[in-house]
Amino acid sequence: MKKEFFFKLLDAYQRYHHSAITTKRIKYEQIISVINNITNNQRFCVEKVGYSFEEREIFLIQWGQGDVRILLWSQMHGDESTATRAMLDVWNFLISDDDFNEIRNDLFKKVTLIFIPVLNPDGANLFQRRTVQGIDINRDAIKLQTPEARILKKVIDRFHPDFGFNMHDQSLYYSAGDSPFPASISFLAPAYNYAKEINTQRENAMAIISYMNNLLQKIIPGHVGRYDDTFNPRAFGDNIQKWGTSTILIESGGYPGDGEKEYLRKLNFALLLASFDAIAHDAYRISTNHPYDSIPYNIKDRFFDLLIRNAVIEIAGKEFKVDIGINREEENYNDSNDFYFRSFIEDMGDMALYYGYEELDVNGMKVKAGKSYPYRFETQEELERADFDIILKNGYTSVVVDDAILTRPFCDYPVNLVHRRKVKSADFKIIPEGPADFIVMDELVVKHIIVNGFVVNSSTAGFGVKNGLTYRY
Ligand SMILES: [Zn+2]
């Protein structure tokens, strides 16, 4: 049997991967320089379609001469860049000259692709969801109080697209239904009224989602989720569906080991191109074992970054058993694309129905709060000479240092740095929202050490956790 286009795209992906941009945090200027490069290509038509609140130019990019108009917009939420990066790869595919030429030329004749990459460039540069006005563009479809929402509305009114791809990222912590799999890709064919009726446009959106789900189930079975279709009268997706465009929401969630979402970006790339091809040939209404209605709903907050199971902890001399769910929150650092982790206990108690991207079953061993090393380091040089292996093996997860050493909110050492005067007793308790710094004791031996939500085995030399360790002020 002939290999499907989708799988051929996955095989050939390295050719099209825009390898200069591989992290979630991107500066808009990096995207503009890619856009400047494609303006030289005859098949692309690039125009400035308006300005963000902070006067950044927003671009509209067209490719193709077909009657079927497909609009895609990404990053209306500034910290959701997976689809923007996939768009760069799609453009690379479209400008290439290789064994896919037949499909490429056929697409060019049959469809017109209209891209708005990064609808919220101000938010993107700050890596934040909302615009600098503090407004969520996706709740501004009616009031149009943000220039970015007005641009999207203007583009929709101008083109009356047949299909609209509304590209987002979602929480890493959702499961795909009641399952041990995170919702790595989620879909929705939004409702256009409170009765959730299904007209031709919405039916087509559902059919494309079924088409994509059928492909995904072959490579990430069980990892696809669906959003609840309660009508949201303020949201763009719902309104664009109402205005007559078959609207498809695609959300990239979490996939194990894919911190920068490069794998999900690759899936976005292949899903988009395969869908364009199916639309061009009116070939997406297939019968499949994985129709729209079979996709399980997302279940919120079923995952943790690290789940410690069967821990025994002690308060006031009384022992009891808990599971401890820990999340590693990414904090933006400075104005660069850098970040560090600040981990905390998200929940504790019976977590039997929950899952961890990483799990540690301590089998009833005692878990104690990390301690602070009783010696105060006065200088950076002194700290450099410290034997952290010994410090950790003795159950210390932080060391006390002089104020002057605390220059950043994180450090490159395998322990937390603490300024003595600021330490409160709550900093060393195992409580919800408390710090994720513990030792796991097997009788009298330190078996595992958890510093800032990362497991460090005391027998392991070297730690290799990027930005894993924070100062506590
Ligand atoms: Zn979003």
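This is a predicted model: local features need pLDDT of at least 70, side-chain atom pairs count only at pLDDT 80 or more; totals for chains, interfaces and linings use all residues.
User: Which protein atoms are the donors here, and how are the donor residues spaced in sequence?

Analyst: The donors are His77 (ND1), Glu80 (OE), Glu80 (OE) and His168 (ND1), 2.0 to 2.6 Å from the zinc ion. The spacing is H-x2-E-x87-H. Glu80 sits in the loop between strand 3 (68-74) and helix 3 (82-95), and His168 in strand 5 (residues 163-169), so the pair ties together parts 88 residues apart in sequence. Helices (H or I, at least four residues) and strands (E, at least two) are DSSP runs, numbered from the N terminus.

User: What is the geometry of the zinc site?

Analyst: Four donors are tetrahedral if all angles lie between 85 and 135 degrees. Four are square planar, and six octahedral, if opposite donors are over 155 degrees apart and all others between 65 and 115. Anything else is irregular. Here the angles among the four donor atoms run from 55 to 151°, and the site is irregular.

User: Are Glu80 and His168 buried or exposed?

Analyst: Buried means under 20% relative accessible area, exposed over 50%, partly exposed in between (1.4 Å probe, protein chains only). Glu80 and His168 are both buried.

User: How many residues has the largest nonpolar core?

Analyst: A nonpolar core is a set of buried Ala, Val, Leu, Ile, Met, Phe, Trp, Tyr and Cys residues joined through side-chain atoms within 4.5 Å. The largest has 74 residues. Trp91, Phe165, Phe187, Phe269 and Phe276 have the most contacts inside it. Helix 9 (residues 262-280) gives the largest share, twelve residues. A second, separate core of 21 residues includes Phe377 and Ile449.

User: What does a positive phi tell me to look at?

Analyst: Most residues other than glycine have a negative phi. Gln75 has a positive phi of about 50° although it is not a glycine. Gln75 lies in the loop between strand 3 and helix 3 and is buried, with a relative accessible area of 2%.

User: Where is Asn452 found?

Analyst: Asn452 is in the loop between strand 21 (445-451) and strand 22 (454-457). Asn452 also has a positive phi of about 50°. Its relative accessible area is 0%, so Asn452 is buried.

Key:
Residues are numbered from 1 along each chain as its sequence is written. Side-chain values use heavy atoms; hydrogens and water are left out. Donors are N, O and S atoms within 2.8 Å of the metal (3.2 Å for Na, K and Ca); water is not among the atoms, so sites may look incomplete.
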